Amino acid sequence: LSAKTIKNYKASFAAFYTYHNLSSGTYLNDIKIQMFYKWINHMKNNEVRPQSINHYLRDLRTFFNWCNLHDKLQEPIHIKEIEEQEGLPKMYSDEEMEIMLEKPRAGDGFSDWRSWAMISTVYATGLRASTLCALKLEDLNFQREEITIEKQKNKNAGILPLTPALANSLKEYIKRWMKDAEPTDYLFPSITGEQFNTGALNHAIDRYCKARGIDGHGIHSIRHNFSRDMIINGAGEYRLQKYLQHSSIQMSQKYVKLFSQDLKRGAEEFSPLDNAKKKAKRTSQFKKNQ
């Protein structure tokens with residue numbers, strides 16, 4: 001697993017152990033399902049967000065599912081997530097996205113051009129921040145119009161389309177700032193040429209947004225904008241799953257459900273019934289005027 005995933009697992013287990021005053025001397029079979037119920041109630045009473053609670057539970061569930069599978073427990077422990085009140089994730093408005101996608105001026109520095117190119121890339125592909133940081137120049141194939149994704153959350157390599165609009169943006173960014181770079185160099189490096197980390201990336205995006213009068217939500221919010229607009233433009237859940245690199249279709253289906261209200265925009269324009277009635281009305285009006 002990635003270093004970030006392992007770090008998250010350790011933090012979640014530490015939170016559980018700390019609450020129950022457990023130690024390395026605690027026997028596995030001393031842990032009972034009631035301890036999870038008590039911990040969940042404690043977090044709810046302290047107004048911990050349901051999303052955060054479920055994050056902890058998913059991390060611990062990974063280990064206890066393994067224990068159940070291999071008969072390590074006298075009493076199997078099945079951890080269920082709590083119900084979340086679904087709401088729209090943080091996103092940028094269409095007007096804000098338009099401002100963010102406006103090409104920097106010729107006199108702007110590397111940081112602005114890099115942020116613009118990163119925003120364009122995520123809005124065109126839906127890439128995660130960690131995958132974005134790992135991209136190298138050799139991962140771009142302009143001739144075949146492809147982006148090779150080697151570093152993903154689920155560790156499977158993949159290929160995404162390199163659309164004309166994104167290709168043009170990246171070509172200009174590379175010509176201006178990366179023309180002397182080697183194919184193995186990172187596409188979006190730090191100022192010193194090393195791999196950009198996700199914390200620094202979000203800080204750069206936040207600074208870029210504030211300079212344009214926009215409250216920054218981070219690069220992940222652009223991924224939400226990508227998901228919504230892909231759905232509105234007619235991409236189904238399976239295509240969305242391929243772009244977002246979800247290991248299962250359930251998360252992609254969740255996005256479709258969350259943004260179903262947005263599908264109503266322009267529904268009249270695409271509805272066969274509405275178009276048929278409009279056509280009939282025009283035909284009737286034409287005959288009447290003859």
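1. Let's start with how much of the chain is tucked away: of its 290 residues, 37% count as buried, meaning under 20% relative accessible area with a 1.4 Å probe, protein chains only. Please keep in mind that this is a predicted model, where local features need pLDDT of at least 70, side-chain atom pairs count only at pLDDT 80 or more, and totals for chains, interfaces and linings use all residues. Residues are numbered from 1 along each chain as its sequence is written, and side-chain values use heavy atoms, with hydrogens and water left out.

2. Next, the overall build. The chain holds 13 helices and 3 strands; these are DSSP runs, H or I of at least four residues for helices and E of at least two for strands, numbered from the N terminus.

3. Now take a look at helix 9, residues 219-232. From first C-alpha to last, its 14 residues reach 20 Å, close to the 20 Å expected at 1.5 Å a residue (that is, 1.5 Å times one less than the number of residues). Is helix 9 mostly covered or mostly uncovered? Mostly covered, with 12 of its 14 residues buried; among them are Ile 219, His 224, Phe 226 and Met 230.

4. What follows helix 9? You will find Gly 234 there, with a positive phi near 105°.

5. Finally, a word on contacts, which means heavy atoms within 4.5 Å. Among those between residues at least 6 apart in sequence, 60% join residues at least 24 apart.

Methods:
Buried means under 20% relative accessible area, exposed over 50%, partly exposed in between (1.4 Å probe, protein chains only).
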